[in-house]
Amino acid sequence: MESNRQHVTVQLMVAVGAAVIGSLQFGYNTGVINAPQKTIEEFINKTWYERYNDKIHENTLTTLWAVSVSIFSVGGIFGSFSVGLFVNRLGRRNSMLIANVLAFIAAALMGFSKLAASWEMLILGRLVVGLYSGLSTGFVPMYVGEIAPTSLRGALGTLHQLGIVIGILMAQIFGIDSIMGNATMWPFLLGFTFIPALIQCAMLPFCPESPRFLLINQNEENKAKSVLKKLRGTDDVGADIQEMKEESRQMMREKKVTIFELCRSPIYRQPLIIAIMLQLSQQFSGINAVFYYSTSIFTKAGVAYPVYATIGAGVVNTVFTIVSLFVVERAGRRSLHLTGLMGMAVSAVVMTIAMALTEKYPDLSYVSIVAIFVFVAFFEIGPGPIPWFIVAELFSQGPRPSAFAVAGFSNWTANFIVGMCFQYVEQLTGPYVFIIFTVLLLIFFIFTYFKVPETKGRTFDEISAGFRQNASSGAEKYAPDELNALGADSQL
């Protein structure tokens with residue numbers, strides 16, 4: 001049976017591949033704004049002068065640029081909170097398909113912003129593509145987690161992060177001045193998001209709906225069995241169906257878990273806090289400070305060709321995501337997350353020392369490059385891939401969409417704070433800005449060590465059983481229906 005469950009079929013990989021195009025879009029639009037910063041600032045400056053016959057003030061330009069970067073996260077916040085509205089009504093696959101309308105609108109707004117001489121269109125396009133990306137960060141891990149066999153859930157879940165980093169790398173390469181990072185081509189660089197959206201629209205109709213959604217939400221067992229047989233490449237899908245039925249049986253006793261109820265109920269408090277803290281550990285690790293502003297960071301570190309150093313960071317990012325793909329089911333989620341957090345903290349200290357002393361010792365600029373590369377590598381060992389798919393593992397089918405919404409909201413809010421504030425904090429603290437991230441990384445390390453359980457190789461129900469045991473120890477404090485929400489009577 002185990003060999004069947006580990007079998008990777010063409011149908012499974014096509015479905016996962018089509019889904020992670022949404023992840024690639026998220027990564028591409030995270031990284032695309034970095035390389036052409038000077039070119040787009042010149043466009044804003046020129047447009048401002050043509051409108052108002054006056055040169056734009058430096059602080060105004062800095063603010064408009066910071067808004068152009070961080071408005072992406074504002075869209076992401078609203079998108080992530082809207083995940084539950086789509087997936088339970090339309091299904092996981094159809095939600096991904098319909099969301100591409102937003103990608104097409106965003107591509108048009110950003111692609112024609114120069115022609116219209118409108119930096120407002122650029123900012124609005126970034127907001128809309130952020131909305132799309134926020135939805136995708138909920139849709140993709142949920143869909144992949146629900147179609148993957150238990151034994152491959154970690155490895156396939158890592159493909160969401162691989163899609164993100166490939167998108168970032170594509171943006172960095174396309175953003176080279178000689179390709180699309182110049183004054184003529186930058187609208188095409190931002191509007192390129194149209195192409196992956198078109199490819200995903202062509203692929204998704206040939207992919208199955210989540211069998212979990214079909215069985216548990218739609219009560220269509222025959223369709224779920226048919227989909228599972230194609231995904232698993234075997235007629236022996238009894239164990240998968242039985243696991244879903246058990247989850248469905250528990251859901252029958254659950255009242256619908258809204259976001260408000262999820263946040264208010266003591267029963268869900270521990271897994272919810274873990275989910276939120278893991279998302280915050282990803283964003284407040286400082287990684288998006290590197291992705292958004294790496295070109296300027298490398299410039300200030302004295303690197304001669306900062307764009308190519310940025311691309312080097314993107315290559316390291318991709319390589320180590322592939323490494324984590326192969327080790328996540330061997331080493332476990334918790335241990336990889338701990339390793340990544342500590343490695344990033346040490347790298348941040350080295351990076352800070354090197355950047356602080358570069359003026360005095362110019363050769364230390366190479367140490368800065370290596371430190372940033374190592375920082376990125378450790379991110380992809382743990383804090384990059386782990387938080388996204390572990391949310392799906394911590395919650396049953398009932399509260400899962402609401403949990404994804406809250407976790408996504410936390411991630412995007414932290415993303416916005418870093419994107420909006422990093423430039424200003426860096427101006428105040430200079431090369432010591434990464435000491436702030438070092439302190440945060442150590443806090444997240446301590447939390448993960450004491451609070452986060454290992455989920456490797458365990459079914460969704462086995463994972464929630466651990467939380468149910470904690471809940472049952474204080475059962476007198478909770479109403480019976482709250483304990484039933486975690487299926488307490490089925491295991492204890």
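## Close-up views of a predicted model

**View 1. Proline 362 sits out in the open.** With a relative accessibility of 52%, proline 362 counts as exposed, where exposed means over 50% relative accessible area, buried under 20%, and partly exposed in between (1.4 Å probe, protein chains only). You'll find proline 362 in the loop between helix H19 (333–357) and helix H20 (364–381). Helices here (H or I, at least four residues) are DSSP runs, numbered from the N terminus, as are strands (E, at least two). Leucine 169 is 193 residues from proline 362 along the chain, and their C-alpha atoms are separated by 28 Å.

A quick note for all the views: this is a predicted model, so local features need pLDDT of at least 70 and side-chain atom pairs count only at pLDDT 80 or more, while totals for chains, interfaces and linings use all residues. Residues are numbered from 1 along each chain as its sequence is written, and side-chain values use heavy atoms, with hydrogens and water left out.

**View 2. Helix H8 has a kink at serine 136.** H8 covers residues 119–147, 29 residues in total. From first C-alpha to last, H8 reaches 41 Å, close to the 42 Å expected at 1.5 Å a residue; that expected span is 1.5 Å times one less than the number of residues. The kink centred on serine 136 is about 25°, where the bend at a residue is the angle between axes fitted to the seven residues ending there and the seven starting there. Is H8 mostly covered or mostly uncovered? It's mostly covered, as 24 of the 29 residues of H8 are buried.

**View 3. Helix H18 bends around leucine 325.** The kink in H18 is about 35°. The end C-alpha atoms of H18 are 35 Å apart, which agrees with the 38 Å that its 26 residues should span at 1.5 Å a residue. Just after H18 comes glycine 332, with a positive phi of about 95°.

View 4. Asparagine 219 has a relative accessible area of 66%, so it is exposed.

**View 5. Arginine 232 is tucked away but has a partner.** Arginine 232 belongs to helix H13 (residues 221–232). Its relative accessible area is 3%, so arginine 232 is buried. Which side chain does the side chain of arginine 232 make a polar contact with? The partner is aspartate 240, at 3.5 Å. A polar contact is a pair of N or O atoms within 3.5 Å; within protein, one must be able to donate a hydrogen and the other to accept it, and residues adjacent in sequence count only if both atoms are side-chain atoms.

**View 6. The largest pocket has a volume of about 710 Å³.** Of its 29 lining residues, Gln37, Lys38, Glu41, Thr295 and Ser296 are the closest to the centre. On a 1 Å grid over the protein atoms alone, a pocket is an open set of points with protein on both sides within 12 Å along at least five of seven lines, a cavity is a set where a 1.4 Å probe fits but cannot get out, and lining residues have an atom within 4 Å of a point. Which helix gives the most to this pocket's lining? That's H17, with 6 residues. The lining divides into 11 nonpolar, 12 polar and 6 charged residues. Ala, Val, Leu, Ile, Met, Phe, Trp, Tyr, Cys and Pro count as nonpolar, Asp, Glu, Lys and Arg as charged, and the others, Gly among them, as polar.

**View 7. The largest cavity holds about 110 Å³ of space.** Phe26, Ile164, Gln282, Gln283 and Asn288 are the closest to its centre, out of 13 lining residues. That lining has 7 nonpolar, 6 polar and no charged residues. Helix H3 (21–31), helix H9 (153–174), helix H16 (269–283) and H17 each supply at least two of the residues.

**View 8. The second largest cavity holds about 60 Å³.** Among its 10 lining residues, Pro141, Gly145, Arg153, Gly157 and Phe389 lie nearest the centre. H8, H9 and helix H21 (386–394) each supply at least two residues of this lining.

Notes. Grid points are joined across faces, edges and corners, and a volume is the space filled by probe spheres set on the points.
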